[in-house]
Amino acid sequence: MAAGYGSSRYGEAEGARPSVARCPETRWSWVEIDRGALRSNVRAYKKLLGRNTKMMCVVKADAYGHGAAVCAPIMASAGADAFAVATVQEGIELREYVDKPILLLSQPPQESIPDLLAYGIMPSVYTIEFALAFGEYAANAGAQGRYHLALDTGMTRIGVRYQDAVDFRRAVDFHSGLVCEGTFTHFATADVVGDWDWELQRAHFDEAVANLREAGFDPGLVHCDNTPSVVLHSDTHYDMVRVGVGLYGLHPCDASEPLVDLKPVMSVRARVTRAQYPPVGAGVSYGMTYRVPKSSIQIATVPLGYADGYSRTLSNKADVIVAGQRHHQVGNVCMDQFMFAVDVNENRSYAPSAPVEEGDLVTIMGADGRERISAEELAELRGTINYEVVCDFGLRLEKVYV
Ligand SMILES: *Cc1c(COP(=O)(O)O)cnc(C)c1O
């Protein structure tokens, strides 16, 4: 082994060196969640809002893979007024940790109505059948069926057609068990600057809300902005905004970057489980899509795979960082493990890489020394968006909160 490595392996590299002391006991791979960064991002969005605009924090998909049980209370203490989830099950779990309003961003099966009321989860509603069943159950239980009316203003996903908002309220409002707590829509193109489709959706939403008021219906909290819309369209904050991806330190589009200062919350780390010098020509991983080209190549194994959110489409494309230096991932990514190559040739014209050893810290996403692998870098290689990258890492890896 070359001399001079070890404690001085970072050389001139600057930046914080991550610590392996944070490794969980049962597996040499984990997701690291920076609570301070999360708090700072919540405050950054809160600062963009006027006094009369509430902040609903979107914690669906286990807080975009970051762990809702820990993240939601941090958000509550940093200024969240309400929370949004995607499934009834997410709402039931979240209720253990927060006492603020919880909005379900979809209309669930009628069978879940008892749970909605028991756990104080407000559904998004857009069919008359569901509304009346909800009101009926609530009235019989001596409770109030609080819901938000979802409007389709152009995304063609869920909601009452915006033209039918008044008819919908006329059809359900007779029911004493129902209370419309809010009226909302969702933009399909809020991340595009100067987009006509956004303008049209906004006009449809404004029209529907005005029609409701004119017909004598109280729309409750009026809300439409998601993360990109909050920064790009301050004139549509209305009574509440629904912020998701930005809370986790991820920009939904390039245009938002100069407008709000965010810190990435999630890093993904592991430790090398094996490092060796295979013979020249040796194949690596299923299908042997990589063969060791020369004797100075060391192959290291990482105990993290596509079932942990490191997509197989990253095979032979992504980099990892060890001690502030980038290395190429090689061979097909397996379900639970992958390999990377280190060229330790000391005769190269540039500085050789330090050999890695079993137990060395590997950064799959996040910063180490001067290097950083962002969710956007991995998303680009996978042909997807940063949202999906963090959701996937949250699926199986243990989370370590720092
Ligand atoms: C997911 C979601 C959001 C949050 O979107 P971000 O782009 O992450 O801010 C807001 N509203 C609805 C209806 C959603 O489904």
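**View 1. Classes of residue in the shell around the ligand.** Ala, Val, Leu, Ile, Met, Phe, Trp, Tyr, Cys and Pro count here as nonpolar, Asp, Glu, Lys and Arg as charged, and the others, Gly among them, as polar. By these classes, seven nonpolar, four polar and three charged residues make up the shell around the ligand in this predicted model. The ligand is surrounded by 14 residues, and the closest are Lys60, Tyr64, Thr227, Arg242 and Tyr387.

**View 2. Side-chain polar atoms facing oxygen atoms of the ligand.** In the side chain of Thr227, an N or O atom is 2.4 Å from an oxygen atom of the ligand. For Tyr64, the distance from a side-chain N or O atom to an oxygen atom of the ligand is 2.6 Å. Arg157 places a polar side-chain atom 3.2 Å from a ligand oxygen atom. On its own the ligand has 390 Å² of accessible area, and the protein covers 93% of that area. Two or more residues of the shell come from each of helix H2 (60-64), helix H9 (227-232) and strand S11 (240-243).

**View 3. The interface between domain 1 and domain 2.** The domain assignment divides the chain into domain 1 (35-250) and domain 2 (266-401). Their C-alpha centres are 39 Å apart. At the interface, 11 residues of domain 1 contact 10 residues of domain 2. About 940 Å² is buried between domain 1 and domain 2, and carbon and sulfur atoms give 69% of this buried area.

Terms used. Residues numbered from 1 in each chain as written. Predicted model: local features only at pLDDT ≥ 70, side-chain atom pairs only at ≥ 80, totals over all residues. Heavy atoms only, no water. Near = heavy atom within 4 Å. Polar contact = N/O pair within 3.5 Å; in protein donor to acceptor, adjacent residues only side chain to side chain. Areas by Shrake-Rupley, 256 points an atom, 1.4 Å probe, with all protein chains shown as cover. Helix = DSSP H or I, 4+ residues; strand = E, 2+ residues; numbered from the N terminus. Domains from an automatic or database assignment. Contact = heavy atoms within 4.5 Å. Buried area = accessible area lost by both parts, 1.4 Å probe.
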